[in-house]
Amino acid sequence: HVELRIIDGPMRGSVFYTIEPTAAGSTVSIRNTGEAPGFAPKPLLRFFMRRSLEADLRRLQALVEKPS
C-alpha cells in the first residue's frame with residue numbers, strides 16, 4: 001500500500017495505490033480522495049488527474065520493476 005499526499009496546489013487530498021501480485025505480474029488499484037476548487041469544471045479536473053496519475057504510475061512501474 002502506497003499513499004501519495006497532495007498538500008499544496010489547487011487540489012489537495014490523497015491518492016492510494018494498492019499493489020497485488022498476480023500470475024502475470026502485478027495489479028495496481030488506485031483510489032483518490034480530496035477537495036477540488038469549486039470553480040474548476042469536472043471534465044478539466046478529470047483530464048489533469050488522469051494525466052497526473054499516468055505519470056505517477058509510470059514512475060511507480062519503474063521503481064517496482066527496477067532490478068535489485
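**A quick tour: salt bridges, sheet and surface patch**

Glu-3 and Arg-5 join their side chains in a salt bridge, 3.3 Å from N to O (a salt bridge is a side-chain nitrogen of Lys or Arg within 4 Å of a carboxyl oxygen of Asp or Glu). What you're looking at is a predicted model, so local features need pLDDT of at least 70 and side-chain atom pairs count only at pLDDT 80 or more, while totals for chains, interfaces and linings use all residues. Residues are numbered from 1 along each chain as its sequence is written, and side-chain values use heavy atoms, with hydrogens and water left out.

**Salt bridges**

- The count comes to three salt bridges.
- In the Glu-3 and Arg-5 pair, Glu-3 is partly exposed at 34% relative accessible area, and Arg-5 is exposed at 60% (buried means under 20% relative accessible area, exposed over 50%, partly exposed in between, with a 1.4 Å probe and protein chains only).
- Arg-12 meets Asp-8 in another one, at 3.9 Å from N to O; Arg-12 is partly exposed at 47%, and Asp-8 is exposed at 61%.
- Arg-59 and Asp-56 make a salt bridge too, at 2.4 Å from N to O.
- Those two, Arg-59 and Asp-56, sit three residues apart in helix H1 (residues 42–64), so about one helical turn separates them (helices are DSSP runs of H or I with at least four residues, strands are E runs of at least two, and both are numbered from the N terminus).
- Asp-56 is buried, with 13% relative accessibility.

**The sheet and its helix**

- Three strands make an open sheet in the order S1-S2-S3, with antiparallel pairing (two strands pair if DSSP finds at least two bridges between them).
- S1 and S3 are the edge strands, each pairing on one side only.
- Strand S2 (residues 12–22) runs antiparallel to S3, and eleven bridges join them.
- Gly-13 faces Gly-34 of S3.
- H1 packs on the sheet and touches S1, S2 and S3 (contact means heavy atoms within 4.5 Å).
- The direction of H1 makes about 45° with that of S2 (axes are lines fitted to C-alpha atoms, for helices over the stretch in contact, and angles run from 0 to 180 degrees between N-to-C directions).

**A nonpolar surface patch**

- Val-2, Ile-19, Val-28, Ile-30, Leu-63 and Val-64 form a nonpolar patch on the surface, with about 470 Å² of accessible area together (patch residues have over 30% relative accessible area and no salt bridge; like charges are joined within 9 Å, nonpolar side chains (Val, Leu, Ile, Met, Phe, Trp, Tyr) within 5 Å; areas come from the Shrake-Rupley method with a 1.4 Å probe, and for residues only the protein chains shown count as cover).
- Strand S3 (25–35) and H1 are the elements that give two or more residues to this nonpolar patch.
- Val-2 belongs to strand S1 (residues 2–6) and is partly exposed at 37%.
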